[in-house]
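The sequence and structure are shown first.

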Amino acid sequence: MKLFLIARNTLKEAIRQKLFHFVVLLSIGLIVGSLFFREFNFGVSELKFIVDFGFGAMTFFGSMLAVVVTAQLFFNEIDSRTVQTLLSKPVHRAEFILGKFLGVLFVLLFFMALMAISLLAVLAFREASIYSRISEDIRPEGWIRYGDVVLFSVVQWVKLGVISALTLLIASFSRSNLYSVTMSFLLVIICHLQYLTLEGWSTASSWVVKGLLFFLSYLLPNFQIFNLGDWVASGEILPCSLVLKASAYGIVYWIGLSYLAVYSFSKREI
Amino acid sequence: MRVWEEVNAKQPQLQLKSLEGGLGQGITIGLLGGFRSLVADGLWLQTNHKWEKSDLPATQTLIKMVTVVDPRPTYFWINGSRMIAYDMPMWRIEAFGRFEDVPLSIRDRIIREHSLLAVEYLERALLHHPQSSILHFEIATLYQRKLKDMQKALEYYRLAALQIDAPFYMGGLYGEMLRQSGQPEKAYEWLITLHPSLPRDDIWALSDLVLEKIRELEGRLNVSLEERYEP
Amino acid sequence: MSIAVSIKNITKDYSLKLRGLKLRAVDGLSLEIPQGEIFGLLGPNGSGKSTTLKILLGLIKPTMGEVMVFNSRCSDVASRSRIGYLPESPNFYTYLTGEELVSFYAGICGVSQNKIKESVSAVISLVGLEEASDRRVGTYSKGMLQRIGLAQALVHDPDLIILDEPMAGVDPLGAIKITKVILKLKERGKTVLLCTHLLAHVEEICDRIAILDKGKLILEGSVESLLRETKEETFLVKGLPAEAEDELQQWLKSKGASLTTERRSSRNLEELFLEKIKNQTKGEEIG
């Protein structure tokens with residue numbers, strides 16, 4: 001119950017932030033801006049471009065939002081000392097951290113829903129427009145699967161949740177917002193390249209290096225696992241089993257990283 | 001780990017060495033970071049921009065770069081090969097002067113050169129899409145129209161028609177190409193094998209037209225009534 | 001008498017990040033706060049008052065020692081359900097209205113859903129913020145923030161109320177209101193721990209005080225006993241003629257006492273201010 005009160009309060013605070021409004025408007029603007037691809041007359045392939053562009057905007061701005069909003073919401077409490085008032089109540093530190101995390105998850109869900117709706121609207125509009133120029137008999141059927149766009153958005157939301165949990169972990173022991181944001185962005189880049197440690201591990205000759213790379217490959221999440229946009233953009237069916245596995249992978253990291261954040265925050269002196 | 005294997009299988013090997021120096025560090029990190037599709041799309045937009053300006057060296061470089069970054073969409077291969085085979089020769093010819101004023105031998109040499117480049121480009125595409133009917137068909141068209149090599153063209157038309165994703169018309173077209181190239185017996189054999197697989201209720205399968213062609217060939221080859229094809 | 005807060009030999013060291021150097025903020029502090037009393041915790045800046053409060057509230061851990069609140073360890077989260085805390089210069093969520101803020105904290109403190117509205121309304125009325133309760137906290141003045149802070153500290157009817165500089169930024173009228181609230185809490189058997197620099201108020205309302213300096217307890221006891229160090233008493237006399245003054249002094253001498261100070265009584269600034277404000281208010285009502 002307290003968890004949801006803190007989460008709801010976090011959500012209220014987040015959607016009032018100017019940064020949130022700016023990122024949402026910019027992302028929607030970019031997705032709608034993909035309408036400019038019609039100038040190139042790519043035909044049906046234009047839909048692939050719109051999907052790639054839309055997914056890119058979701059991922060890039062979503063990641064930015066996940067890091068900055070999480071850090072900002074956490075440090076607002078610390079800097080304004082509202083955390084002291086809150087923790088002087090019968091609130092476990094775990095409830096505070098998990099409440100913040102849950103609140104940010106709702107914010108990111110709201111963001112992804114807006115992005116998905118914008119992208120689907122643009123796709124539907126362009127598909128209708130392109131198809132109106134092609135005879136009904138030879139139209140390629142359901143070239144972009146709208147259901148898969150929604151599934152992809154869900155998987156990206158899980159990924160953003162992992163980024164948020166990572167940021168919360170950094171923030172739980174860091175002394176400044178700037179440090180948390182910088183470190184988190186660096187970690188996001190590293191996690192996107194994490195698959196190279198997997199490849200490096202198998203080819204490394206030294207046992208020490210092998211061991212280190214093996215450890216890193218499990219410690220850090222592999223963000224490439226969430227990279228399922230290629231199925232959607234190429235018109236293939238996105239396997240549900242893969243969506244479930246990627247989501248489960250992400251949720252395991254949600255739990256692990258937030259547990260570490262709770263542990264770290266419990267040692268922090270307010 | 002299994003999830004990663006499944007996702008990784010969808011991603012072709014990234015040939016970063018062949019892109020060395022061609023892309024900035026930021027784009028390289030973006031490539032490594034899983035934004036290949038987006039980077040390729042961006043490069044394709046640049047390609048279009050250079051193509052509009054008839055910038056041959058830049059268009060040529062970018063066409064190759066796009067398909068190195070992301071070889072998965074056949075769209076890049078098809079349109080890239082068309083730029084190489086149909087547009088670039090015209091740019092080079094126009095560099096000499098008006099099309100009509102340039103000697104035929106020079107024009108033919110340039111067109112041939114670029115057609116062979118386009119075929120080479122599409123053969124590389126087949127390494128990534130070995131079962132693509134459209135790529136085989138594109139090569140066949142180049143051999144037929146640009147390189148005037150009917151034998152090779154027929155071979156690729158046949159391969160195009162045999163692929164799983166081949167639209168119905170490719171089968172009929174191959175048969176017609178055989179007939180036009182003076183091989184009515186082969187055309188007849190092919191069409192009577194093809195016809196049973198064509199759905200009668202799909203107008204684009206052209207089942208009736210193929211049957212018409214079969215009857216024509218039966219007449220030409222003097223096939224007896226008893227041996228004629230029964231649909 | 002049962003003990004609300006028991007502080008046993010607590011020490012708090014802060015690392016100065018230089019090898020081996022530490023700052024000792026609290027040094028072997030022991031004290032007991034009986035239930036139902038108003039206890040004043042005094043000391044100059046840097047004396048360890050805030051650190052002591054933070055330890056009591058479980059925000060930081062003591063390096064050594066133990067603190068019990070109503071016989072529960074202060075580190076137990078459950079012990080805080082009986083504590084209400086008003087921080088110094090409080091900051092709250094500016095985007096919430098006064099009512100939303102107090103409701104939020106009521107929910108956090110476990111006030112049941114069907115009682116929240118009633119409790120919130122009661123404390124807001126107690127601190128005199130009925131008219132401003134639907135405004136965002138971000139629009140509040142410093143004094144209003146103190147009062148809404150008091151409201152959130154009291155909404156769950158705690159047994160121990162910790163007030164850190166409750167009068168800071170509050171006008172004299174507001175200060176009197178807060179004082180009345182504190183005295184009312186005592187009447188209801190609540191224990192109040194008051195941290196303040198306003199010694200006049202401490203003298204007026206506290207039962208017991210403790211004075212800290214450089215992290216150590218230097219004085220503790222009831223206000224009455226601590227202040228009655230001299231055998232002097234003050235009598236205010238009205239209407240004594242000048243010629244009778246000598247007679248008064250003689251009489252005192254005969255009783256073994258002496259007149260040490262003679263001073264014409266005058267109002268203090270606070271009395272004058274209150275009189276004027278009250279008159280102004282009366283005048284407006286009549287007008």
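Predicted model: local features only at pLDDT ≥ 70, side-chain atom pairs only at ≥ 80, totals over all residues.

The table sets out the two interfaces by like quantities.

| Interface | Residues in contact | Buried area | Share on carbon and sulfur atoms |
|---|---|---|---|
| Chain A and chain C | 26 residues from chain A, 28 residues from chain C | about 2,500 Å² | 57% |
| Chain B and chain A | 24 residues from chain B, 33 residues from chain A | about 2,700 Å² | 68% |

The size of an interface is often given as the accessible area lost when the parts come together.

**Chain A against chain C**

The buried area between chain A and chain C is about 2,500 Å², with carbon and sulfur atoms giving 57% of it. Three residues, A:K89, A:P90 and A:E269, account for 23% of the area that chain A buries against chain C, more than any other three residues. A:E269 also takes part in a salt bridge with C:K12, in which the closest N and O atoms are 2.7 Å apart. The count of salt bridges between chain A and chain C is one. Polar contacts between these two chains number 10 residue pairs, both residues being at pLDDT 80 or more.

On the side of chain A that touches chain C, α1 (2-14) and α4 (82-87) of chain A each contribute at least two residues. The largest share, six residues, belongs to α1(A). By class, this side of chain A comprises eight nonpolar, eight polar and 10 charged residues.

**Chain B against chain A**

Between chain B and chain A about 2,700 Å² is buried, 68% of it on carbon and sulfur atoms. One salt bridge is found across this interface: B:D41 pairs with A:K48, and their closest N and O atoms are 2.9 Å apart. Two residue pairs between chain B and chain A are in polar contact, both residues at pLDDT 80 or more.

Four helices of chain B, namely α1 (2-9), α2 (25-32), α3 (36-52) and α5 (74-96), each supply at least two residues of the side that touches chain A. Here α3(B) provides the largest share, six residues. The side of chain B that touches chain A divides into 15 nonpolar, five polar and four charged residues.

**A sheet in chain C**

Chain C contains an open sheet of six strands in the order β6-β7-β8-β3-β9-β10, with mixed pairing. Which strands stand at the edges of this sheet? They are β6 (83-86) and β10 (216-222) of chain C; each has a single partner strand, so one side of each is left without a neighbour in the sheet. From one strand to the next, the twist averages 15°.

Strands of a sheet pair through backbone hydrogen bonds, either parallel or antiparallel. In the case of β6(C) and β7 (residues 160-164) of chain C, the pairing is parallel and extends over four bridges. C:I83 has C:L160 of β7(C) as its bridge partner.

Two helices of chain C are described relative to these strands. Helix α1 (residues 49-56) of chain C lies across β3 (38-42), β6, β7, β8 (191-195) and β9 (208-213) of chain C, at about 150° to β7(C). Helix α4 (residues 142-154) of chain C lies across β6 and β7 of chain C and runs at about 170° to β6(C).

Technical notes. Residues numbered from 1 in each chain as written. Chains lettered and ligands numbered in written order. Heavy atoms only, no water. Contact = heavy atoms within 4.5 Å. Buried area = accessible area lost by both parts, 1.4 Å probe. Salt bridge = Lys/Arg side-chain N within 4 Å of Asp/Glu carboxyl O. Polar contact = N/O pair within 3.5 Å; in protein donor to acceptor, adjacent residues only side chain to side chain. Nonpolar A, V, L, I, M, F, W, Y, C, P; charged D, E, K, R; others polar. Pairing = 2+ DSSP bridges. Axes fitted to C-alpha atoms, helices over the stretch in contact; angles between N-to-C directions.
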